[in-house]
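Thanks for coming. I have one structure to go through today, so please look at it while I talk.

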Amino acid sequence: MQFLRYSLLIIPLVIIIFFGFIILNENNAKEFVPIEMPKFSSTTLDNKNIKNSDLPDTYFLNVWASWCITCKIEHPFLLNLKSNGIDIVGLNYKDTKSKALGWLKELGDPYSISIFDYKGDIALDMGVTGAPETFLVKNGKIVMHHLGELNKEIWEQKFEPHL
């Protein structure tokens, strides 16, 4: 009887520790498998028409919005990347043009192009779950994707190896 009592405590504890180890073990991170960049046609924040074929063969795409607090946190790092010659395309996500343009005017514009995605359709097709997210696109394929704030550590670990 006592064995049964202890097993009811020990078995769940072992399961929790096992799955906790799996989740927290960084060596379990899977390699990103490249996927096709969805085709799109939209406008930029400055009202120019844009589609996939207008973009360079290789570019970084950063999903951002003026309402996004974490976007504001990562913004200085994006400006630093731009000052170092890194070309970043912005995807303004579920925002208004006036708020987005005001935000860029106030904080600086790290983007060579800012695609306007008011309804979030382009982002949805890319699998975006929120802002910020950053993608590396090469020859029409997404070869790297990061959810959340882009900073020096993430940049060096995830994106620099693909340059």
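I will go from the overall layout to the sheet, the core, the aromatic rings and one glycine.

First, the ground rules. This is a predicted model, in which local features need pLDDT of at least 70 and side-chain atom pairs count only at pLDDT 80 or more, while totals for chains, interfaces and linings use all residues. Residues are numbered from 1 along each chain as its sequence is written, and side-chain values use heavy atoms, with hydrogens and water left out.

On confidence: pLDDT is the predictor's confidence in each residue, from 0 to 100. The protein averages 88, and 80% of the residues score at least 70. Contact here means heavy atoms within 4.5 Å.

Now the layout. There are 5 helices and 8 strands. Both are DSSP runs, numbered from the N terminus: helices are H or I with at least four residues, strands are E with at least two. From the N terminus on, the elements run α-β-β-β-β-α-β-α-β-α-β-β-α.

Two strands pair if DSSP finds at least two bridges between them. E2, residues 41-44, runs antiparallel to E3 and is joined to it by 3 bridges. Serine 41 has lysine 51 in E3 as its bridge partner.

Next, the core. Buried means under 20% relative accessible area, exposed over 50%, and partly exposed in between, with a 1.4 Å probe and protein chains only. By that rule, buried residues make up 39% of the 163 residues. A nonpolar core is a set of buried Ala, Val, Leu, Ile, Met, Phe, Trp, Tyr and Cys residues joined through side-chain atoms within 4.5 Å. The largest one has 42 residues, and Leu61, Ile115 and Met126 have the most contacts inside it. E4 supplies the largest share of this core, 5 residues. Leaving aside neighbours within four places in sequence, leucine 61 contacts residues including Met37, Val89, Ile115 and Phe135.

On to the rings. Rings of Phe, Tyr and Trp (its six-membered ring) pair if their centres lie within 6.5 Å; planes under 30 degrees apart count as stacked, over 60 as edge-to-face, and the rest as tilted. The count comes to 8 aromatic pairs. Phenylalanine 60 and tryptophan 155 make a tilted pair, 4.9 Å centre to centre with 50 degrees between the planes. That pair links E4 to H5, 95 residues apart.

Last, glycine 120, in the loop between E6 and helix H4 (121-126). Is glycine 120 buried or exposed? Glycine 120 counts as buried because its relative accessibility is 4%. Not counting residues up to four places away in sequence, glycine 120 touches Tyr93 and Lys94. Its C-alpha atom is 5.7 Å from that of tyrosine 93, 27 residues apart along the chain.
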